[in-house]
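The exercises below are meant to be worked with the sequence and the coordinates side by side. Each task is followed by a solution that goes step by step.

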Amino acid sequence: QAVLKYEEAYHQCGLAPTGCKPEEFTALEGTTRPTMTQFVEGLVNEGLYFSRDVRGSYGVAESTTVESADAATAVFCIFDAGTVLGPLGPDGLPTVVNDQIQSIRYEYHVFLEGGDWLVGEVRQLERLGEGSSCPPAV
């Protein structure tokens with residue numbers, strides 16, 4: 001659940017980067033909070049944002065390992081079909097900056113902080129290539 005909540009918050013941040021507060025959905029422990037803060041600052045500075053249409057993107061849990069009472073690791077396959085948009089072009093429509101469709105396996109380290117499980121570290125394990133290579137969402 002922590003990973004799915006993180007992915008949803010990540011998408012919401014991309015939709016409205018100026019209002020994004022990574023400290024509300026990332027763990028204090030790990031590098032995710034500073035990395036997300038820097039990512040959001042980049043979006044704002046470049047005038048970039050995510051499309052509302054996720055084009056069928058989804059995540060599938062592959063494994064979960066409880067490491068202690070306040071730390072766990074989960075591996076997810078993420079089918080990412082979202083689009084990054086930029087400033088309006090001469091036609092008055094947003095510029096498409098990235099519309100690559102890909103599947104990637106990630107390892108998420110989650111930590112129990114203040115009664116909530118939050119993502120503190122995200123590590124890419126493997127790019128599975130273009131298109132949907134993840135198992136179907138259940």
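**Exercise 1. The core**

Which residues does phenylalanine 25 touch, not counting residues up to four places away in sequence?

Solution. The model is a predicted one, in which local features need pLDDT of at least 70 and side-chain atom pairs count only at pLDDT 80 or more, while totals for chains, interfaces and linings use all residues. Residues are numbered from 1 along each chain as its sequence is written, and side-chain values use heavy atoms, with hydrogens and water left out.

Step 1. Taking contact as heavy atoms within 4.5 Å, phenylalanine 25 touches Tyr6, Ala9, Tyr10, Cys13, Cys20, Met36, Leu118 and Val119.

Step 2. Phe25 is also among the residues with the most contacts inside the largest nonpolar core, which has 16 residues, and Val3, Tyr6, Phe76, Tyr108, Val110 and Val119 are listed with it. A nonpolar core is here a set of buried Ala, Val, Leu, Ile, Met, Phe, Trp, Tyr and Cys residues joined through side-chain atoms within 4.5 Å; buried means under 20% relative accessible area, exposed over 50%, and partly exposed in between, with a 1.4 Å probe and protein chains only.

Step 3. Two or more residues of this core come from each of helix H1 (2–15), helix H2 (32–46), strand S3 (71–80) and strand S6 (102–113), and H1 gives the most, with 5 residues. Helices (H or I, at least four residues) and strands (E, at least two) are DSSP runs, numbered from the N terminus.

Step 4. Apart from this core lies another, of 5 residues, including Leu43, Leu48, Phe50 and Val84.

**Exercise 2. A buried arginine**

Solution. Step 1. A salt bridge requires a side-chain nitrogen of Lys or Arg within 4 Å of a carboxyl oxygen of Asp or Glu.

Step 1. Leaving aside neighbours within four places in sequence, arginine 33 is in contact with Pro22, Glu23, Thr26, Ala27 and Leu28.

**Exercise 3. Salt bridges across strands**

Solution. Step 1. The search finds 3 salt bridges.

Step 1. Arginine 105 and glutamate 62 meet through their side chains at 2.8 Å, N to O; arginine 105 lies in strand S6 and glutamate 62 in strand S2, so this pair ties together parts that are 43 residues apart in sequence.

Step 2. Arginine 105 also forms a salt bridge with glutamate 126, the closest N and O atoms being 3.3 Å apart, and because glutamate 126 lies in strand S7, this pair joins parts that are 21 residues apart in sequence.

Step 3. Arginine 123 forms a salt bridge with glutamate 107, with closest N and O atoms 3.1 Å apart. Glutamate 107 counts as buried because its relative accessibility is 16%, whereas arginine 123, at 46%, counts as partly exposed.

Step 4. The strands that carry these residues, S6 and S7 (residues 116–130), run antiparallel and are joined by 12 bridges, where two strands pair if DSSP finds at least two bridges between them. In their hairpin, which has 2 residues between the strands, glycine 114 takes a positive phi near 60°.

**Exercise 4. Aromatic pairs**

What is the geometry of the aromatic pair of tyrosine 58 and phenylalanine 79?

Solution. Step 1. The whole structure holds 9 aromatic pairs; rings of Phe, Tyr and Trp (its six-membered ring) pair if their centres lie within 6.5 Å, and planes under 30 degrees apart count as stacked, over 60 as edge-to-face and the rest as tilted.

Step 1. Tyrosine 58 and phenylalanine 79 form a tilted pair, at 5.5 Å centre to centre and 50° between the planes. Tyrosine 58 is in strand S2 (residues 58–68) and phenylalanine 79 in strand S3, 21 residues apart.

Step 2. Tyrosine 106 and tyrosine 108 form a tilted pair with values of 6.0 Å and 55°, and tyrosine 108 counts as buried because its relative accessibility is 0%.

Step 3. Ring pairs link Tyr6, Tyr10, Phe25, Phe39, Phe50, Phe76, Tyr106 and Tyr108 into a cluster.
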